[in-house]
Amino acid sequence: MSLKVAVQMDPIEGINIEGDTSFLMMESAQARGHSLFVYLTDSLAMDEGRVFVRGRDIQVQRVKGDHFKAGPVRRAELTEFDVVLMRQDPPFDMHYIDATFFLEKVHPKVLVVNNPAEVRSAPEKLFVTQFPGLQPPTLITWDREAIRDFRARHGDIVLKPLNGRGGSGVTRHLKDDPNLDSLLEIHAELGREPVIVQKFLPSVTKGDKRILLVDGEPVGAINRVPAKGQIRSNLAVGGEAQPVELTARDREICDTIGPELKTRGLIFVGIDVIGDYLTEINVTSPTGAVALKRFTGIDATDVMWRRIEALRANA
């Protein structure tokens, strides 16, 4: 089955093909005989209820500095495609959210991966709270007094912006850290979003596991180990990827959340696990597939395309 695939992404010129999951998705799609078209969210236009974009037909190749060939810019209606991959990077702000409304107009006639309405209703650090017992003690709030009380109860805490990405803005605060109030003031000045506060997990020094799931089933995992003296293990801020096996607890977590992911049409998902705890469910543009393939030979994107092909065949 040959599919027409549109990819909503950041400029393809600037991606790093050595680690970019979106590029691997396109490479795998092309290898399976599917055609590719890329566009930016800024080109989305709803005209009398019909959704159009401006973009380019492309072919990809794993050549650094010359990783794609593109046709001329053309206007296309999204309903001419079989699949749309929503792969632009967060932040998960109103620009991101507005784009989900455009894509919701064509889904499920055009299969959008992931389901845009469910991406919108499953913020990555909030979605976890639907599964009691899986995450560490967690508080999400604007209220500074509630944060002080949480720290008094749990001592060593980690503070994160609710809609942050890639480890940006993540800080650790000991029980007697005098800088907490100042940092909360900075958060308030930068935006109106609440913060997420979690009990610090010492096991983070051994790594933050990224597990990739396709249609609710775990495909494989990598471990992201923080640089010496750091608590952030994200690859974007200096974490090191290492091979790792799934534990019995990892599989228990996947078994608990998998049916809900499948029901919601969240086909390609990356979850973060520290020790025995689930900390995030990433549904916007999960990464980690390149490292997984390098360490294990497992191509999660190929697994994804086989599942998408089955869904389109049964549509």
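## The second largest pocket

The second largest pocket is lined by 11 residues, and those that lie nearest its centre are Pro91, Phe92, Asn163, Gly164 and Glu193. Its volume is about 200 Å³, and its lining divides into five nonpolar, three polar and three charged residues. In this count Ala, Val, Leu, Ile, Met, Phe, Trp, Tyr, Cys and Pro are nonpolar, Asp, Glu, Lys and Arg are charged, and the others, Gly among them, are polar.

A pocket is found on a 1 Å grid over the protein atoms alone, as an open set of points with protein on both sides within 12 Å along at least five of seven lines, while a cavity is a set of points where a 1.4 Å probe fits but cannot get out; lining residues have an atom within 4 Å of a point. Grid points are joined across faces, edges and corners, and a volume is the space filled by probe spheres set on the points.

## Basis of the description

This is a predicted model, in which local features need pLDDT of at least 70 and side-chain atom pairs count only at pLDDT 80 or more, whereas totals for chains, interfaces and linings use all residues. Residues are numbered from 1 along each chain as its sequence is written, and side-chain values use heavy atoms, with hydrogens and water left out.

## Enclosed cavities

The count comes to two cavities of 30 Å³ or more. The largest cavity has a volume of about 100 Å³, and among the residues that line it are Pro90, Phe92, Val119, Leu162, Asn163, Gly164 and Thr284. Its lining divides into six nonpolar, three polar and two charged residues.

The second largest cavity holds about 30 Å³ of space. Its lining includes Met25, Leu85, Arg87, Val113, Asn114, Phe268 and Thr284, and the lining residues divide into six nonpolar, two polar and one charged.

## Overall build

The protein has nine helices and 17 strands, where helices (H or I, at least four residues) and strands (E, at least two) are DSSP runs numbered from the N terminus. The radius of gyration is 20 Å, close to the 20 Å that the globule rule gives for 315 residues, so the protein is as compact as a globular protein of that length. That radius is taken over C-alpha atoms, and the globule rule is 2.2 Å times the number of residues to the power 0.38. Along the principal axes, the C-alpha atoms fill a box of roughly 60 × 45 × 40 Å.

Of the 315 residues, 51% count as buried, a term that means under 20% relative accessible area, with exposed meaning over 50% and partly exposed lying in between (1.4 Å probe, protein chains only). Among the contacts with a separation of 6 or more, 67% are accounted for by residues 24 or more positions apart, a contact being heavy atoms within 4.5 Å.

## Salt bridges

A search of the whole structure finds 29 salt bridges, each defined as a side-chain nitrogen of Lys or Arg within 4 Å of a carboxyl oxygen of Asp or Glu. In one of them Arg56 pairs with Glu13, the closest N and O atoms being 2.8 Å apart. Arg56 lies in strand S4 (residues 50-60) and Glu13 in the loop between strand S1 (4-8) and helix H1 (21-31), so the pair ties together parts that are 43 residues apart in sequence. Arg56 is partly exposed at 21% relative accessible area, and Glu13 is partly exposed at 45%.

Asp250 and Lys209 also meet in a salt bridge (2.6 Å, N to O). Because Asp250 lies in helix H7 (residues 248-264) and Lys209 in strand S13 (residues 208-214), the pair ties together parts that are 41 residues apart in sequence. Asp250 counts as buried at 1% relative accessibility, and Lys209 counts as buried at 11%.

## Backbone points to inspect

Two peptide bonds are described here. The bond from His107 to Pro108 is cis, with omega near 10°, and Pro108 lies in the loop between helix H2 (94-104) and strand S8 (111-113). The bond from Val113 to Asn114 is cis, with omega near 5°, and Asn114 lies in the loop between S8 and helix H3 (116-120).

Glu48 has a positive phi of about 55° although it is not a glycine, and at 78% relative accessibility Glu48 counts as exposed. Asp215, also a residue other than glycine, has a positive phi near 50°, but Asp215 is buried, with a relative accessible area of 10%.
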